Amino acid sequence: MTDDKDTVSEEAEPETVEETPEVEEPKKKSKVPKEKKQKEPKEPKGSKEKKLSKKKQKILEHEQEITAPTTEYAIECENLVKIYKTDQIEVVALQGLDLKVKRGELVAIVGSSGSGKSTLLNMLGGLDKPSAGSLNVNGRNLLKFTEEDYMLYKRNMVGFVWQNNARNLVPYLTAEQNVELPMLLQGQKQRRERALELLDAVGLSHRVNSRLDQMSGGEQQRVAIAISLANNPQILLADEPTGSVDTKTSDQLLQVFKDLNRTRGITIVIVTHDMRLAKQIDRVIAIRDGRTSSEIIKKSHAEIMRESQSLEEMDEELTKSVTEGEPDFVSEELVVLDRTGRLQLPKEYLEELGMKGGDRVKADLDKDAERIYIRKAE
């Protein structure tokens, strides 16, 4: 007999095998053949150039639309208003100004400081925009201009001459290089030839290679005039061009403006305080308190006598005036009536009659004599 210890047999326990979960193999994506992108057909040679030329043609047409004259007047202002606003202050620079300047005319604008002269010039040059009213240049209303229109207008239509030479000239460039600079920005060709032509037109052919510090004040201003002509403007605007020069140089500069007006037909507007200079211009417009107050028009004796006398009397008077050495021209001041019927009497007249702003006056109409008599009310 075997011992119980020996006879006790342990039943073999079945081995447990851990079943590993079956991992599904990722399905292979069936490769879908990519569609080959069709290459766009190459543009035929010269097509890009054609597109650019069409774009350029549109720009040129737009420039022509902006600058082409459509009326006999270069400048027409009607009831023009400009108001400058700050946080708490409003300054009315122009209060319903009326003005007309024909194409090819040379005009001087005079007035005291703060009368609105420079404000008007800035708006004519496209540097500022009116608050109200109408401002037409060559028949185009500047109030309807877009920013692009203003850019084309300033680049192709107007030229500026400033009193301060720092705004006109680059000091380290020669006279020729200064005149060429705006042409370079505009992409003009044959710039050197054009610059030499303009410098010759203002009498500075001998100063072509001179810098700013090598020229007198009058010569610098003449270079500035040449620069203002670089873009072939139809209108030339000059803000106190003779304010920093002596009397002799002032006369020389005025003669340059007159020659340009006569030979090139450019409309020229000169803002000045110099009444001596203004008297040498055929039409002078006075601005007071933001409005056109009067105009001084220079007339010859022949024109005056033609208006008031017969031809026989005119010939006699003309001969008499020449023999007595009287001046060939006289100036006649006209008061400007605005569109509402208001007028500004010359200050000298008011002082002579003892009148001032706010006084009541009496106006009498004489139909037979076609006159209006104004006197201070009692």
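Trainee: Which residue of β5 is the bridge partner of Asn 136?
Mentor: Asn 141 in β5 is the bridge partner of Asn 136. Strand names follow DSSP runs, numbered from the N terminus, where a strand (E) has at least two residues and a helix (H or I) at least four. Before we go on: this is a predicted model, in which local features need pLDDT of at least 70 and side-chain atom pairs count only at pLDDT 80 or more, while totals for chains, interfaces and linings use all residues. Residues are numbered from 1 along each chain as its sequence is written, and side-chain values use heavy atoms, with hydrogens and water left out.

Trainee: How many bridges join β4 to β5?
Mentor: Two bridges join β4, residues 132-137, to β5, and the two strands run antiparallel. Two strands count as paired if DSSP finds at least two bridges between them.

Trainee: What order do the strands of that sheet come in?
Mentor: The order is β2-β1-β4-β5, four strands in an open sheet with antiparallel pairing. Strands of a sheet pair through backbone hydrogen bonds, either parallel or antiparallel.

Trainee: Which strands stand at the edges?
Mentor: β2 (90-102) and β5 (140-141) do. Each has a single partner strand, so one side of each is left without a neighbour in the sheet.

Trainee: Which helix lies across β1, β2 and β4?
Mentor: That is α3, residues 117-124, which runs at about 115° to β1 (73-85). Axes are lines fitted to C-alpha atoms, for helices over the stretch in contact, and angles run from 0 to 180 degrees between N-to-C directions.

Trainee: New topic. How do β12 and β13 pair, parallel or antiparallel?
Mentor: Antiparallel, over six bridges between β12 (residues 361-366) and β13 (residues 371-376). Val 361 stands opposite Lys 376 in β13. The two strands form a hairpin with four residues between them, and Glu 370 in the turn has a positive phi of about 55°.

Trainee: On to the helices. At what angle do α6 and α8 pack?
Mentor: Helix α6 (residues 175-186) and helix α8 (residues 217-228) pack at an angle of about 25°, with their axes 8 Å apart. That makes α6 roughly parallel to α8. Angles under 35 degrees count as roughly parallel, over 145 as roughly antiparallel, 65 to 115 as roughly perpendicular and the rest as oblique.

Trainee: Which residues make the contact?
Mentor: From α6 they are Ala 175, Asn 178, Val 179 and Pro 182, and from α8 they are Val 223, Ala 226 and Ile 227. Contact means heavy atoms within 4.5 Å.

Trainee: How do the residues of the contact of α6 with α8 divide?
Mentor: Six are nonpolar, one is polar and none is charged. Ala, Val, Leu, Ile, Met, Phe, Trp, Tyr, Cys and Pro count as nonpolar, Asp, Glu, Lys and Arg as charged, and the others, Gly among them, as polar.

Trainee: What about α6 and α7?
Mentor: Their axes come within 9 Å and cross at roughly 125°. That makes α6 oblique to α7. The contact of α6 with α7 divides into eight nonpolar, no polar and five charged residues.

Trainee: What do the buried residues of α6 pack against?
Mentor: They pack against α7 (191-201) and α8. The buried residues of α6 are Ala 175, Glu 176, Asn 178, Val 179, Glu 180 and Met 183.

Trainee: And what comes just after α6?
Mentor: Gly 187, with a positive phi of about 75°. In the loop between α6 and α7 lies Gln 190, which has a positive phi of about 55° although it is not a glycine.

Trainee: Is Gln 190 buried or exposed?
Mentor: Gln 190 counts as exposed, at 62% relative accessibility.

Note on methods:
Buried < 20%, exposed > 50% of the residue type's maximum accessible area, 1.4 Å probe, protein only.
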